[in-house]
Amino acid sequence: MQQIRIVAEVEEYQHFHELPNEEQELVQAAQKVAIAAYAPYSGFFVGAALLLEDGTVVSGSNQENVAFPSGICAERTAMFWAGANYPGKAILKMAIYAQSEDFLVETPVYPCGSCRQVMSEYERIGQRPIRILMVAATGKTHAVNGLINILPVAFDADNLKRQK
Ligand code: THU
């Protein structure tokens, strides 16, 4: 038996104002789109903004549904929009911002498992690690360079092939 150690690296900032200007602007785009989320059931408003390789910023918010599982997260709204409208353009960065109508969101919100899996696909086809900025309503921010830090040992295309 051999132990395999998996290490994640996360940057923590007390406020996203500590980030470079380009990233602050991406966070502001995520904040702006979060306000318009359709979240009547959870009262949890999430915005995601993507910076594409050609400089385009694409954003999306969570869209809920009375049949709860039919709703979708902000991250997938933004990624699928980018995939549909800017096919082949790699995602360089993603900012995720969350606020609630019921409480102050103090902890940066990490993407759910389904969104991480979708990110994994786009990161693979983009052939570049996606830098992910997770921002609480207080401004507290966590950042990672590459999905490997939040979805290590992912199921990916290689798993569909014979290994040897
Ligand atoms: N949500 C997101 O949009 N992104 C996340 O990273 C976490 C959760 C949404 C889904 C649902 O509309 C609401 O937040 C509560 O789970």
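I searched the whole structure for aromatic pairs and found two, taking rings of Phe, Tyr and Trp (its six-membered ring) as paired if their centres lie within 6.5 Å, with planes under 30 degrees apart counted as stacked, over 60 as edge-to-face and the rest as tilted. For Tyr41 and Phe68 I noted ring centres 5.6 Å apart and planes at 45°, so this pair is tilted. I placed Tyr41 in the loop between helix H1 (21-35) and E2, and Phe68 in the loop between strand E3 (57-61) and H2, so the pair ties together parts that are 27 residues apart in sequence; helices (H or I, at least four residues) and strands (E, at least two) are DSSP runs, numbered from the N terminus.

I note that this is a predicted model, in which local features need pLDDT of at least 70 and side-chain atom pairs count only at pLDDT 80 or more, while totals for chains, interfaces and linings use all residues. Residues are numbered from 1 along each chain as its sequence is written, and side-chain values use heavy atoms, with hydrogens and water left out.

A ligand oxygen atom is 2.5 Å from an N or O atom in the side chain of Glu64, and a ligand oxygen is 2.9 Å from an N or O atom in the side chain of Asn62. I also found a ligand oxygen 2.9 Å from a polar backbone atom of Ala74.

Methods:
Polar contact = N/O pair within 3.5 Å; in protein donor to acceptor, adjacent residues only side chain to side chain.
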